[in-house]
Amino acid sequence: MPQNIAPAWIPVALSTDLPVASVIPARLKTASLAIWRAQSGAVSAVADRCPHRGMRLSHGFVRGEALSCIYHGWRYGKSGNCLAIPAHPSLTPPEAIRVATYRAGERDGVIWVSAEEVAADMPSNEGFVGLRSITLSATAETLAACIGADLIEDAIDWAIDGMRARLLTAPSGEDGALLVHLLIDSSATKAQKIAASTALETLRRQAEAAANRGEAA
Ligand code: FES
């Protein structure tokens, strides 16, 4: 089992960013993942490196219930096992050929992953819908300080012009980048969603400026 991400649920994407039969990359602090959704709708997470020649599996494609590598077409199932090798169609791939898997699931429009068995359920964000995700160069603490709100379990509740919003944060990459998902009250109008998206851009500039000044590290 991969050991290089924390044993907790980490928000890696919004459900709307992963349509049926697609794959996207997700960069965590010390791990690069490929997150994919099968035709059935099930979400899986694997290390973003094909065991064959190291190609990024997030560059691959999904057919049915399998993720295929774009390079030589090796096909992997949800449990990470190699299902087929196109160059050797009569070969049953050995069990040893497999890509590392992470626990993955979705709740209330957010896709979560974990490297280990997590006792708790994925966090609830009932009543919200995912609006957009961004990365920025500041810490979650700096972000919370700019809003004047508390950072609780990597989430920040935020009122944008009286509308309920929430930021979910996760360290992304090794360069101190922060992945931020903006959720907004499910009753928000189109105009309120546009305003919230604009507010997030403003917040990004404020947080990065504060980080550059060395405030709220
Ligand atoms: S590198 Fe993935 S199939 Fe060859």
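The side chains of D108 and R107 meet in a salt bridge, with N to O at 4.0 Å; the term covers a side-chain nitrogen of Lys or Arg within 4 Å of a carboxyl oxygen of Asp or Glu. By this rule the count comes to 9 salt bridges. This is a predicted model, so local features need pLDDT of at least 70 and side-chain atom pairs count only at pLDDT 80 or more, while totals for chains, interfaces and linings use all residues. Residues are numbered from 1 along each chain as its sequence is written, and side-chain values use heavy atoms, with hydrogens and water left out.

**Salt bridges and their surroundings**

- D108 is partly exposed at a relative accessible area of 29%, and R107 is partly exposed at 30%; here buried means under 20% relative accessible area, exposed over 50%, and partly exposed in between (1.4 Å probe, protein chains only).
- D48 and R56 are joined by a salt bridge of 3.2 Å, N to O. D48 is buried, with a relative accessible area of 6%, whereas R56 is partly exposed at 38%.
- R98 pairs with E95 in a salt bridge whose closest N and O atoms are 2.9 Å apart. R98 has a relative accessible area of 36% and counts as partly exposed, while E95 is exposed at 58%.
- A network of salt bridges links R132, E201 and R204.

**R166 in strand β14**

- R166 lies in strand β14, residues 163-172; strands (E, at least two residues) and helices (H or I, at least four) are DSSP runs, numbered from the N terminus.
- R166 counts as buried because its relative accessibility is 17%.
- Its side chain makes a polar contact of 2.8 Å with the side chain of N125. A polar contact is a pair of N or O atoms within 3.5 Å; within protein, one must be able to donate a hydrogen and the other to accept it, and residues adjacent in sequence count only if both atoms are side-chain atoms.
- Leaving aside neighbours within four places in sequence, R166 is in contact with S124, N125, F128, I156, D157, H181, L182 and L183, where contact means heavy atoms within 4.5 Å.

- D175 sits in the loop between β14 and β15, the latter spanning 177-185.
- With a relative accessible area of 66%, D175 is exposed.
- D175 and R103 are 72 residues apart along the chain, and 25 Å separates their C-alpha atoms.

**Helix α1 and its packing**

- Helix α1 covers residues 140-147, and its buried residues are A140, T142, L143 and A144.
- Those buried residues pack against β11 (128-136), β12 (151-152), β13 (155-160), β14, β15 and α2 (190-212).
- Just after α1, G148 adopts a positive phi of about 80°.
- As a reminder, an α-helix has 3.6 residues a turn, so residues three or four places apart point the same way.

**Cysteines**

- A search of the whole structure finds 0 disulfides, a disulfide being a pair of cysteine sulfur atoms within 2.5 Å.
- C82 is in no disulfide, and the nearest cysteine sulfur, that of C50, is 7.7 Å away.
- C82 is buried at a relative accessible area of 5%, and C69 is buried at 2%.
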